[in-house]
Amino acid sequence: MTSLSARVVAYASVREFVPLYGLYALLFEDHGLDTRSISSLFVLWSVVAFVSEVPSGAWADTVSRRGLLFGSGALLTAAFTMWLVWPGYWGFALGFVLWGISESMKSGTFEALVYDELAARGCEHRYAAIMGYANAGEMTCVFVAILTAAPLFELGGYALVGWVSVAITVVDIALVGTLPAAPKVEEADEIAGRGDTVLVRYMSSLRAGTSEIRTDRVVRRSVVLAAALLACLAFDEYFALLARESGAETGFVPVLVALTAVGQVVGAATAGRTATMSGRTMGAVVIVGSALIAGGALAGGIAGFTAIGVGYGALHNTAIVAEARLQDTMSGRARATVSSVVGLTSEVLSVAVFAAYAIGSLWLPMAALVAVTVLPLVGLGVVVPRLLPAARPAGTERER
């Protein structure tokens, strides 16, 4: 189990060790884009991701999941390379198209790979803890990478920050080969015995996953909750612009943004401990976390970004727990497909967030926009007790 955890955490963490994360919004702004243009790029990113999300999830229930992760890594490398060789609106747009497809190929695929490997070992109850460690590793790397962006920018500007990021994505592609390849719920020899073609298996997985969501109320509610909480994490795309608006110099912006990453590290690392939280507790966490983000955005500075980090970390924790409960509720025969519907729904909600920023920027400063757009999360916190499935004790099957 230790070896599995280490491999999962290493892959997930290195993928997020991208110094560009702390500066790419400023890269766009310094190449002549305003908030509306930048928001349009984020919308394009999300649209591409949700259009390809469910189809890629069904492929992950049909073909090699590691193969899809290899392809995802290659597209991510190409995306950042495009930004560096064609630093204009259309170059940024093409990069986001590649990144969106890359994310959809990973979303659902990675989670299903880990859960099925744990299921093969009879350790499904460890899923929330391991994914929490993986997310904590991701955010630790984001934190370090963002801090690294400041000295890299001073040494070589956006070019050095970008090419270091590209090199790291290449390393992560190599780490895909270390991941396990547990059999899916429907064994390969069973499929082969039926003589099904890849296309037939693909359509079967797609139907099975979407049918489970339509017919199983618990799964459907879990999908909605997990997607809504994941969509909350779309706010971080604007943190760099928020920091600059509050008066921070470009070299200090990554430091402020890194404070939000610290909160996410703590939130993710404690997901194993909070995995059995009740719906009422999760609802309260969502409401308090939202209030901290809104207050921190209006306050600005180190204190404000510290508050944002705490609130963001709390939301990150609830998103991991909600996704783990979803994995426990589904049958498993089309696990990646169902997980990808979560990604699809969260991307649709993210588009709404980005559109709100694009339109709202005509009248409101960034601090007010962040504060206003977290208000719907208060309503989500109220309904969480109805949406969150009860925790399933280790070693038991869900009653259907």
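Which residue caps the N-terminal end of H10? I looked there first, keeping in mind that this is a predicted model. The cap is Asp216, with a side-chain oxygen 3.1 Å from the backbone nitrogen of Val218.

**Along H10.** I followed the helix itself next. H10 covers residues 217-232, which is 16 residues. From its first C-alpha to its last I get 23 Å, close to the 22 Å expected at 1.5 Å a residue. Then I checked which of its residues are buried, and I noted Val219, Ser222, Val223, Leu225, Ala226, Ala227, Ala228, Leu229, Ala231 and Cys232.

**H4 against H7.** How do the axes of H4 and H7 cross? I took H4 as residues 65-85 and H7 as residues 127-175; their axes come within 9 Å and cross at roughly 170°. Angles over 145 degrees count as roughly antiparallel, so that is what H4 is to H7. I then went through the residues that meet. On the H4 side they include Phe70, Gly73, Leu76 and Phe80. On the H7 side I found, among them, Tyr158, Gly162, Trp163 and Ile173. Sorting the residues of this contact gave me 12 nonpolar, 5 polar and no charged.

**Ser102.** Is Ser102 buried or exposed? Ser102 is found in helix H5, residues 89-106. I put it down as buried because its relative accessibility is 0%, and the cut-off for buried is under 20%. Leaving out residues up to four places away in sequence, I see Ser102 touching Arg15, Ser72, Leu75 and Leu76. Leu76 was already in my notes, as one of the H4 residues that meet H7.

Terms used
Residues are numbered from 1 along each chain as its sequence is written. This is a predicted model: local features need pLDDT of at least 70, side-chain atom pairs count only at pLDDT 80 or more; totals for chains, interfaces and linings use all residues. Side-chain values use heavy atoms; hydrogens and water are left out. Axes are lines fitted to C-alpha atoms, for helices over the stretch in contact, and angles run from 0 to 180 degrees between N-to-C directions. Helices (H or I, at least four residues) and strands (E, at least two) are DSSP runs, numbered from the N terminus. Angles under 35 degrees count as roughly parallel, over 145 as roughly antiparallel, 65 to 115 as roughly perpendicular and the rest as oblique. Contact means heavy atoms within 4.5 Å. Ala, Val, Leu, Ile, Met, Phe, Trp, Tyr, Cys and Pro count as nonpolar, Asp, Glu, Lys and Arg as charged, and the others, Gly among them, as polar. Buried means under 20% relative accessible area, exposed over 50%, partly exposed in between (1.4 Å probe, protein chains only). The expected span of a helix is 1.5 Å times one less than its number of residues. A polar contact is a pair of N or O atoms within 3.5 Å; within protein, one must be able to donate a hydrogen and the other to accept it, and residues adjacent in sequence count only if both atoms are side-chain atoms.
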